[in-house]
Amino acid sequence: MTLRTASARTRGALFFALSLASPLASPLAAQSPTPRGPKIFISVDMEGLAGVVNNSDVSASGPDYQMFRTIMAGETNAAIAGAFLAGATEVVVRDGHGSKNNLRPTDVDPRATLLRGVSTGPKNMMEGIDSTFAAVVYIGYHARAGTPNAILEHTSTGNVLDVSINGVSLPEGGYNALVAGLYGVPVVFVAGDRAVVTQIRDLLGPIGAVAVKDERNDASLGLSPTRAVEQIRLGVAQAIRSRSSAKRYAMPSPYTMLLKVKTERPLYPGAQRVRDGEFSFTSNNLLDVLSAFNAMK
Ligand SMILES: [Zn+2]
């Protein structure tokens, strides 16, 4: 029987039962509250994973891509394990590399949920972040375009020479931290090469970190993936436990972006062309600034 076919008398009885149920439910709920731990957001890139040194390692057509997908899942799962070790009760993983479908869903620790695929809008590698999260963890991150002694350094696309906001030149982990900061969420941990660890700590302060590799004249000297996951698991757990000392990253608005590119794209509405290959855009809304960045990068 559905409500549609119920007689007026049955509907009345049902209403009575529902109104009885509701005052009974709340005292029971108050007696047994479910303890909730922190909710953690993990943004995962590929260039900063243990062992990655060439672009082909992180391109779907590359001969070793399948192996590096497995390494990506290993470092991601280490971060998930670290989060639960530190008392997290919910973890969301954002696949942040390229077409955002690098992590095989079956490889990811089932305690976490996975956000995969390209999303519309400006959040990109931070799609899914909101104020319900307690902390952000970066895995597989890399330094910004132009960083010396870094492995596969770039900023978003190969076309970007530099992007700065309010005079601060930012890596992906810098503007992603600003996005998290909009929702009051601090970044507490970064794994990647030594150069990104130094760069992110210079911006955000002494957050937890594991440098999985060092650059040696464009080559990579690094940890075994097995050793990297052990350090990431323990490092993430420690960073989440001490999250109260991490500060959200924020800048005073308005936000003025200066973008330098190799090849110019069409001018985004509201943006100014400063000189050849150089554009500025100002807004009180950081997400509008990132939309302009995404359109012109
Ligand atoms: Zn990437």
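## Stop 1: helix 6 and its neighbours

Start by selecting residues 286-296, which make up helix 6. The buried residues of this helix pack against strand 5 (160-165), helix 3 (172-182), strand 10 (255-261) and strand 12 (278-283). Colour those four elements and keep them on screen. One thing to keep in mind as you look around: this is a predicted model.

Now show side chains for Leu286, Val289, Leu290, Ala292, Phe293 and Met296, the buried residues of helix 6. Where do the buried residues of helix 6 fall? They sit within an arc of 155°, so they line one face of the helix.

## Stop 2: helix 3 meets helix 4

To see where they touch, pick Gly173, Gly174 and Ala177 on helix 3, then Val196, Ile200, Leu203 and Leu204 on helix 4. Which classes of residue do you find in this contact? There are 5 nonpolar and 2 polar residues, with no charged ones.

## Stop 3: helix 2 beside helix 5

Next, select residues 65-85 for helix 2 and residues 225-241 for helix 5. Here the axes are 7 Å apart and the packing angle is about 30°. Helix 2 and helix 5 are therefore roughly parallel to each other, and they cross in a right-handed way.

Zoom in on the contact. On the helix 2 side, click through residues including Ile71, Gly74, Glu75 and Ala78. On the helix 5 side, the partners include Pro225, Ala228, Val229, Ile232 and Arg233. Counting by class, this contact has 14 nonpolar, 3 polar and 2 charged residues.

## Stop 4: a cis peptide bond

Move along to Pro254, in the loop between helix 5 and strand 10. Show the backbone atoms and look at the bond that joins Ser253 to Pro254. Is this peptide bond cis or trans? It is cis, with omega near 5°.

## Stop 5: two residues with positive phi

Now jump to the loop between strand 8 (208-216) and strand 9 (219-222), where you'll find Asn217. Asp218 lies in that loop between strand 8 and strand 9 too. Asn217 has a positive phi, near 50°, and it is not a glycine. Asp218 isn't a glycine either, yet its phi is positive as well, at about 75°.

Are these residues buried or exposed? Asn217 is exposed, because 5 other C-beta atoms lie within 10 Å, and a residue counts as exposed at 12 or fewer. Asp218 has 11 C-beta neighbours inside 10 Å, so it counts as exposed too.

## Stop 6

Leu161 is partly exposed, with 14 other C-beta atoms within 10 Å. Setting aside residues up to four places away in sequence, what does Leu161 touch? Select Ala145, Gly146, Lys260, Val261 and Lys262 to see its contacts.

Technical notes: Residues are numbered from 1 along each chain as its sequence is written. This is a predicted model: local features need pLDDT of at least 70, side-chain atom pairs count only at pLDDT 80 or more; totals for chains, interfaces and linings use all residues. Axes are lines fitted to C-alpha atoms, for helices over the stretch in contact, and angles run from 0 to 180 degrees between N-to-C directions. Angles under 35 degrees count as roughly parallel, over 145 as roughly antiparallel, 65 to 115 as roughly perpendicular and the rest as oblique. A crossing is left-handed if the near helix is turned anticlockwise from the far one by less than a right angle, and right-handed if clockwise. Two residues are in contact if their C-beta atoms, placed from the backbone, lie within 7 Å. Ala, Val, Leu, Ile, Met, Phe, Trp, Tyr, Cys and Pro count as nonpolar, Asp, Glu, Lys and Arg as charged, and the others, Gly among them, as polar. A residue is buried if 20 or more other C-beta atoms lie within 10 Å of its own, exposed if 12 or fewer, and partly exposed in between; C-beta atoms are placed from the backbone. The arc is that of the directions from the helix axis to the C-beta atoms.
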